[in-house]
Structures are given as structure tokens and as C-alpha cells.
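Welcome! Open your viewer and get ready to select a few residues as we go along.

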Amino acid sequence: MKFYKQMFLLIMGLIIVSYGIAVSIQVQHLGIHPWDVLYIALNNNLGLTIGTWNVLIGIFLLFITFRLNRSYIKMGTFLNVLLVGPIVDFFLFLDVFPHSPNGMVDILLLIVAIAFIGTACGMYTAANFGAGPRDGFILAISEKSRMSIRKTRIILESAVLVLALILGGPVFIFTFIYTFIMSPIFQWSYLLCDKWVKSNDATLKQNKDTQMDVS
């Protein structure tokens, strides 16, 4: 039962995070996550789809992480690398998004997209099938450099943002407040999903203890 719960969280998490990214791309003029800014900049300058760049950079980060610490790479890591980009492209192709009549609705749409992404990241992280390619890369660099995860994330994502700016990527106010909105949502989602995954084990253990007491 636990395995099926984990698989459900992994697959649904990857689908929801892909939709959240696709929605945020629709209102990119407000500013989006540094990695997505980079994908859009590469798409504008070199062609290929946004999802394709997501996959290519994910593979590159996966290679570095494998060389530094392969323990962060599991089945879910490969699925993240291979599925999120194509699913984002699929949603963008279908154009299944609410269309905004004004700027205030754009802001609301982006907040909803960030909520989707934060919730989904918590879901597939709670599945415990491996970190995503960007998270695994940050964790491996943090361990190798002996810097804190927070400091490593700030430095690496700042470098990504500078590169995206040089390439003409869409950077605005929400690019800088993205983490402040997404992080608490991620934490709430992760704790909730982790509790749900472990709930069956706790029930089985309680039943086993009860049977032992009775016998």
C-alpha cells in the first residue's frame, strides 16, 4: 500500500508541477522562477521548446550530481528529468489555461501557479523516490563545498538568474519573491503527504501491537 501511495504522489506531483510551470509561463512578464526564466531565454535565443531545455539542462545537472554524489539520484529523479519538460510543452500546446483580462488577474494566476508548484514539489518529495535534478544538484554542491543548503541555493540560483538576464529572459518582481511564497507551501504539502504515506504503516504497527497484547 505504501508503494502505491508513493507512486501516486510522484506521478501526480510531476503532472501538477508541470501544469503550474506552464501557467506561470503564461504570465511570465510578472517574473517567474530563475530556472524557468533561463529556459525561456534559451528558447527565445536558440530555439527548441521550453520543455526541451528543461530536459537538456536536467540531464546536465544529473550528470554533475552523479559525479559528486549519486545517492541523491533515484527513480523519481530520472522521471522528473524526462517527464516534466514534455508535459509542460504538452500543456502549453493544449493552451488549457484561464485567460486574464487584466493585470490583477495575472497576479492571481501567478500566485495560483506558485501554489501548484509548491504543493506538487512537496508531493513528489514526500514520495521519497529521489530529489529533483535541480534539488539534487544543489544538495550535492552543498555537501561538496560544505556550505549550507540555503546559501548554496541562493548562490546557484542567482548565477542562473544572471545568465538568464544576459540572455534576455523575463525577470520581474515575482522572480525575487518566488521562494518566499513557494517555500511555506512546499513545507505544508510535504509534511501532509509524508504523514499520509506513513499513516498505513502506523496503523499496521498499532494493529500488530494490539494483537500481541491480546495474545
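How many aromatic pairs does a search of the whole structure find? The search finds eight, where rings of Phe, Tyr and Trp (its six-membered ring) pair if their centres lie within 6.5 Å. This is a predicted model, in which local features need pLDDT of at least 70 and side-chain atom pairs count only at pLDDT 80 or more, while totals for chains, interfaces and linings use all residues. Residues are numbered from 1 along each chain as its sequence is written, and side-chain values use heavy atoms, with hydrogens and water left out.

**First stop: Y19 and F97**

Select Y19 and F97. Their ring centres are 5.7 Å apart and their planes lie at 25°, so this pair is stacked (planes under 30 degrees apart count as stacked, over 60 as edge-to-face and the rest as tilted).

Keep Y19 and select F116. These rings have centres 5.9 Å apart and planes at 40°, so the pair is tilted. F116 has 33% relative accessibility and therefore counts as partly exposed.

**Last stop: two helices**

Select residues 34-46, helix α2, and residues 149-166, helix α7. Helices here are DSSP runs (H or I, at least four residues), numbered from the N terminus. The two pack with their axes 8 Å apart, at an angle of about 25°.

Key:
Axes fitted to C-alpha atoms, helices over the stretch in contact; angles between N-to-C directions. Buried < 20%, exposed > 50% of the residue type's maximum accessible area, 1.4 Å probe, protein only.
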